[in-house]
Amino acid sequence: MSTSRTFRRIPAGSVVPALGPLTTATVSGDTAAATSTAFAPGRSGSPTSSVDRVADFYGAYVDVLHDSGRGRLSGALRAHYLTAGLQRSLTRWEAAHHRDGVLRAKGVPVQWSVVHNDSGMGHCWSRVMLTWQDSAHLTHRTHLMVQSDLATGLISAIKTDK
């Protein structure tokens, strides 16, 4: 009696899920060779970290502005991450300066980064760097100092730094 062998063809470079490190499988004829690859650096965070919450806010806010502009979702993000007092302050600032108060600029940055600066007296200060690119592909940066209340985790102040 003869048995027929069935092979599942996997395109070269496909990723096969595994519980350990990622394994890439390539099929060549009747044999498959698997090689182990290292994990790429990832992003992580904690809902109890004030700096992580600032990074989460800026990441989501920039994505929303990039994808769909200012609207209900950007307003919902502000309501979730910012104190009521800061929201009122930003409304006044934006009316006077005709710019987005969270970004302190017009337009949408191409990149953002957030680092811890200092903590004390119930607050945490994070430095936010926004990278912008103009039509000539020149980059410039905006530096912000963002204050969070440690008790609530909410962002309570945004000021231009430098």
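This is a predicted model: local features need pLDDT of at least 70, side-chain atom pairs count only at pLDDT 80 or more; totals for chains, interfaces and linings use all residues.
Q: Which residue does R70 meet, and which parts of the chain does the pair tie together?
A: Happy to walk you through it! The side chain of R70 forms a salt bridge with that of E94, at 2.9 Å from N to O. R70 sits in the loop between α1 and α2, while E94 belongs to helix α3, so the pair ties together parts that are 24 residues apart in sequence.

Q: Is E94 buried or exposed?
A: The cut-off to remember is that buried means under 20% relative accessible area. E94 has 11%, so the residue is buried.

Q: What about R78: which salt bridges does its side chain make?
A: Let's take the partners in turn. R78 meets E94 with an N to O distance of 2.5 Å. This pair links helix α2, where R78 lies, to helix α3, where E94 lies, across 16 residues. R78 also meets D100, at 3.4 Å from N to O. Here helix α2 is linked to the loop between α3 and β4, which holds D100, and the two residues are 22 apart.

Q: Are R78 and D100 buried or exposed?
A: Both R78 and D100 are buried. For R78, the relative accessibility is 8%.

Q: Which residues do salt bridges with shared partners join into one network?
A: Good one to finish on: the network is made up of R70, R78, E94 and D100.

Methods: Residues are numbered from 1 along each chain as its sequence is written. Side-chain values use heavy atoms; hydrogens and water are left out. A salt bridge is a side-chain nitrogen of Lys or Arg within 4 Å of a carboxyl oxygen of Asp or Glu. Helices (H or I, at least four residues) and strands (E, at least two) are DSSP runs, numbered from the N terminus. Buried means under 20% relative accessible area, exposed over 50%, partly exposed in between (1.4 Å probe, protein chains only).
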